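I opened my notebook to keep track of what I looked up. The entries below follow the order of my reading.

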Amino acid sequence: MRTRFQQGLDELRQKLLRMGGLAEQAVDRACQAYVERDLTRCHMVLENESLINAAEREIDELAFDLLALQQPMAVDLRFILAVTKINSDLERVGDQAVNIAERVMDMVELPPAELPIDIPRMAAAVSAMVRRALESFIEAKAELAQAVLEMDNVVDRMRDEAFIVLVRKMNDTPAVTRQALDALLIARNLERVADHATNIAEDVIFWVRGRDVRHNVESPIAQQTTRDTH
Amino acid sequence: MGVDIQVEQLNAWFGKTQALHDITIKMSANHATAIIGPSGCGKSTFVRCINRMHETVPEARVSGRIRIGDLNVYNGTSATQVRRRIGMVFQKPNPFPTMSIYDNVAAGLKLNGFRDRRRLDEIVEQSLSRAALWDEVKDALQKQSGASLSGGQQQRLCIARALAVEPQVLLMDEPCSALDPISTSKIEELIFQLKERYTIVIVTHNMQQASRVAEYTGFFLLGSLIEFDRTEKIFTNPSDKRTEDYITGRFG
Amino acid sequence: MSDRATMQMGQADLRVSLWRRAVDQFATFIAGGTVVLVLLPLGAVFGYLVYKGIGSLNWAFLTQTPQPVGEAGGGMANAIAGSALILGIASLIGVPLGIGAGIYLAEYGRNRFGDLIRFTADVLNGVPSIVIGIVAYSIVVLTQKHFSALAGGVALAIMMIPTITRATEEMLLLVPISVREAAYGLGVPRWRTTLSITLRTATSGVITGVMLAFARVAGETAPLLFTAFGNTYWNWNVNQPTAALPLQIFTYAISPFDEWHRQAWAGALILIVLIVVSVCAVRIAAGRGMLKGTS
């Protein structure tokens, strides 16, 4: 029944996944650029930004049409609302990737510095979060989404550590202040990406949650999954 | 002014075919309850059991208990007495064709022996006002027949006629399905105001109407009540998969 | 498509449409023709009646009783009055019974018993009028030991009832169930709904049925032969033999007197006129009672 509607929902899912892939790729690429001090990669990130923005517009338009024309109810309605929110989070992830790339471009201009911070490790954790959040969307599994929520604390701690460590480094070695600052900003950007991944996971739980409750599966962090975005 | 409607273990048959299975539901006073479900699910039958119209069909049978406030519908009251406490509006507007607008509204009272002419005038005006029809017809009360009005006006006339006998409950069986969108929205507005005085049960196959108008919704399927809850819950996160399949259009 | 082919197709279309139009007009002509053919005898009868009877129709005719045999003059006043009396009795008996039976059949008679009644009514409808006259004779005349207007009324009532019953039943069944349900929904008991709502909605059709029955029995002669029997004088007593227009016409028509023949023609004319007038009068009266924009 409602083939056109089903097709619309499927299209929405496909588009969102594609966009997720683009955003994930942008973050990975920016972090690779940091490790390899590679300007080309930075430029690629900046260029692909427009693709992400275009995808956001497309998805919003499609979601809007489905809402107006198909009067979705219950799970379908929750799905479309979740998609619009995830859409906006993914676009911000893209923005953060651009921010990271810009910091890297700045750092490449400067002489390389010994910094006591493991950006790649943080990047890996954050990437994993984004990937798992998108997985939970594809699979419509609230447990996967919950796992993402738990990882957020880890990344927050990493950012706090980076702050302390890098401030000390700046005090000790004023010559590398600029590089340290760039690295700190990169760490903050990564933490932001993690927050967006958390949002995405929450949206998935909102969408899926009705069904979970129906099958009597209690979500243990129900209290944490609020509708607010930070 | 409205009262609760309490239905317990209601079963209904047409001859050998069972149309309703063990329906238990409570409809709250001064609220609107929507009854939704696919064709043939028993929603009209259910509503017609409340005011004992089901019995007008030959070989119709009912078991169970229904209470309207303190009135026991099936035990100890005659069908006509019950129906005087309940107003009913039907799917297709059905004003009495040979009567004027005034006589239509007054019919329920006159045919039951009410004679006070002055009081009748007041009641007719009040009922037509409550049905949002007074301004449109006040100059032609005795001159125009009920059947000469437009569809939407006719339905409001039927509502006025039902209100004139001061019922406690108003049953509406797909009242807007024969009407255009503007008439429909006028009547939906009306239901909002009527809720203050009456308890309303509205059968509708239009889910958007149910969600606009009713605080509670009951979903019927194949003669059983599948789910009954606040309207927001039913339409955003129903508990039963069958309910969800119906409202998302997966079937029905 | 080539121009030639298009033209050929166009010509074919034209031929078809011309043929269709011809057939259509021919059929209309035939239909109209049959109407004329049907109305012709009616018009002929009426015209002939007027021709033959108008001469003898005068004030004396309408106000005087018959003169003794052989004498000229006199009229059918008593027959006109007698017909009115007998028809009045027939209506008083037949209309309530007929409508009552019709109501019963429509509202409560959807069963075997109802079918039996319907069958009986249809059979009764087909019984020859003279047989009905004999029945009334044996029931009323033999019991009373004399002829009477009452007996005549009974006979005619028996003839009216089936028509009225069937018409009433049909008209009541035509009232949509939604109208009845509206009344039930208001808490109106069934009997009241039937009388005040259903019957009222069907009034127009029921009146037509009654008028049909009335017009039919108004001209019946055979049943009156040995019930009302006829009378050359005024009579207002229900229990006495009474004159009636059809009877009088019959008596005069088979008589050997020219004077009476002329009066028979006038009588026939006045009978038709009175029937038409009374039907129209009832229609108008009923119409005024209902008006107010009913469609």
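**Entry 1: a sheet in chain B.** I began with strand β4 (residues 60–68) of chain B, which is joined to β5(B) by two bridges, the two running antiparallel. I noted the naming rule: helices (H or I, at least four residues) and strands (E, at least two) are DSSP runs, numbered from the N terminus. Two strands count as paired if DSSP finds at least two bridges between them. Opposite B:R67 I found B:N72 in β5(B). The open sheet has four strands in the order β2-β1-β4-β5 (chain B), with antiparallel pairing. At its edges stand β2 (17–27) and β5 (71–72) of chain B; each has a single partner strand, so one side of each has no neighbour in the sheet.

**Entry 2: ground rules.** I wrote down that this is a predicted model, where local features need pLDDT of at least 70, side-chain atom pairs count only at pLDDT 80 or more, and totals for chains, interfaces and linings use all residues. Residues are numbered from 1 along each chain as its sequence is written, chains are lettered from A and ligands numbered from 1 in the order in which they are written, and side-chain values use heavy atoms, with hydrogens and water left out.

**Entry 3: a hairpin.** Next I looked at strand β9 (residues 216–221) and strand β10 (residues 224–230) of chain B, which pair in the antiparallel sense over six bridges. B:Y216 faces B:R230 in β10(B). The two strands, β9(B) and β10(B), form a hairpin with two residues between them. In the turn, B:L222 has a positive phi of about 50 degrees.

Entry 4: Is B:Q168 buried or exposed? B:Q168 is buried, because its relative accessible area is 19%. The cut-offs are under 20% for buried, over 50% for exposed and partly exposed in between (1.4 Å probe, protein chains only). B:Q168 lies in the loop between α6 (151–164) and β7 (169–173) of chain B. Its side chain and that of B:R85 are joined by a polar contact of 2.5 Å. Such a contact is a pair of N or O atoms within 3.5 Å; within protein, one must be able to donate a hydrogen and the other to accept it, and residues adjacent in sequence count only if both atoms are side-chain atoms.

**Entry 5: the cores.** A nonpolar core is a set of buried Ala, Val, Leu, Ile, Met, Phe, Trp, Tyr and Cys residues joined through side-chain atoms within 4.5 Å. The largest one has 109 residues, and B:F96, B:L128 and B:I159 touch the most other members. Helix α8 (residues 190–218) of chain C gives the largest share of this core, eleven residues. A second, separate core has 71 residues, including A:C42 and A:M170.

**Entry 6: chains together.** Two pairs of chains are in contact, and chains B and C share the most contacts. Contact means heavy atoms within 4.5 Å. Chains A and C do not touch, their nearest C-alpha atoms being 34 Å apart. Which salt bridge links chain B and chain A? The side chains of B:R250 and A:D76 meet in one (3.0 Å, N to O).

Notes:
A salt bridge is a side-chain nitrogen of Lys or Arg within 4 Å of a carboxyl oxygen of Asp or Glu.
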